[in-house]
Amino acid sequence: MSGKALIVIDMLNSYEHADAELLLPSVRQTLPHITALIERARKNDVEIIYVNDNFGLWRSHHDELLDTVLSGPHADLVEPVRPDEKSLFVVKARHSVFYETPLEYLLRQHRIDTIVLCGQVTEQCVLYSALDAHIRHIRVIVAEDACAHIHEDLAAAALRMMERNMQARIARSADPDIL
């Protein structure tokens, strides 16, 4: 296997949760970088896989989740990163994009051995996803400027952990080799 995929984590978000007020400024700052990565991936025919919380609605699917967040007060944070018709979509229940999802199978089917992580939250879902990828022998690149955080100090520590303990490559979204 030798392919890459861009994994967009939890960007279809209503921001109706306890940490939303702390998260929103970081999302606004990272959004242009996430959008640019998605555009580059589309231009370069790199697989884009959205992995998103399901808000506890197990009947939910891509269109339902998208409709919910686009009708909410923070649609401006979702519209620029909305999936297109070629994007793949995986619903997750917990922090890691791998935990009880078909993502590992999907990556194998598409012959992908390297994932580029972006989205939210660096010190939570991005960190746990990087760890789960590492234990599955999937290479990880984290687009640090395209990952939003709740707590800046914890995000910095999480990036160090991913680089040191999981051999993740920490890169900027504009890095020409990221995709």
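Which residue in S2 stands opposite Ile-9?

Mentor: Val-51 in S2 stands opposite Ile-9. A word on the basis before we go on. The model is predicted, so local features need pLDDT of at least 70 and side-chain atom pairs count only at pLDDT 80 or more, while totals for chains, interfaces and linings use all residues. Numbering starts from 1 along each chain as its sequence is written, and side-chain values use heavy atoms, with hydrogens and water left out.

Now the strand itself. Helices (H or I, at least four residues) and strands (E, at least two) are DSSP runs numbered from the N terminus. Two strands pair if DSSP finds at least two bridges between them. S1 and S2 are linked by five bridges, in the parallel sense. Strand S1 (residues 3-9) also runs parallel to strand S4 (residues 112-120), with seven bridges between them. Along that pairing, Ala-5 faces Ile-115 in S4. Val-8 stands opposite Cys-118 in S4. Six of the seven residues of S1 are buried, so the strand is mostly covered; buried means under 20% relative accessible area, exposed over 50%, and partly exposed in between (1.4 Å probe, protein chains only).

Step back to the sheet. It is open and has six strands, in the order S3-S2-S1-S4-S5-S6, with parallel pairing. Strand S3 (88-92) and strand S6 (169-171) stand at the edges with a single partner strand each, so one side of each has no neighbour in the sheet. From one strand to the next, the twist averages 25°. Helix H1 packs on the sheet and touches S1, S2, S4 and S5. Its direction makes about 130° with that of S5. Axes are lines fitted to C-alpha atoms, for helices over the stretch in contact, and angles run from 0 to 180 degrees between N-to-C directions.

Thr-30 lies in helix H1. This residue is buried, at 5% relative accessible area. Beyond its neighbours within four places in sequence, Thr-30 is in contact (heavy atoms within 4.5 Å) with Asp-145, Ala-146, Cys-147 and Ala-148.

Residues up to four places away in sequence aside, Ala-171 touches Ile-141, Val-142, Ala-143, Glu-144, Asp-145 and Ile-178. Its C-alpha atom is 15 Å from that of Lys-4, 167 residues apart along the chain.

Last, the pockets. On a 1 Å grid over the protein atoms alone, a cavity is a set of points where a 1.4 Å probe fits but cannot get out, and a pocket is an open set with protein on both sides within 12 Å along at least five of seven lines. Lining residues have an atom within 4 Å of a point. A volume is the space filled by probe spheres set on the points, which are joined across faces, edges and corners.

The largest pocket has a volume of about 340 Å³. It is lined by 19 residues, and the closest to its centre are Asp-10, Asn-13, His-17, Asp-53 and Cys-125. Strand S2 (47-53) and helix H5 (122-135) each give two or more residues to this lining.

The second largest pocket holds about 240 Å³. Thr-30 returns here: of the 14 lining residues, those closest to the centre are Thr-30, Glu-144, Asp-145, Cys-147 and His-149. Helix H1 (20-43), strand S5 (139-148) and helix H6 (152-166) supply at least two lining residues each.
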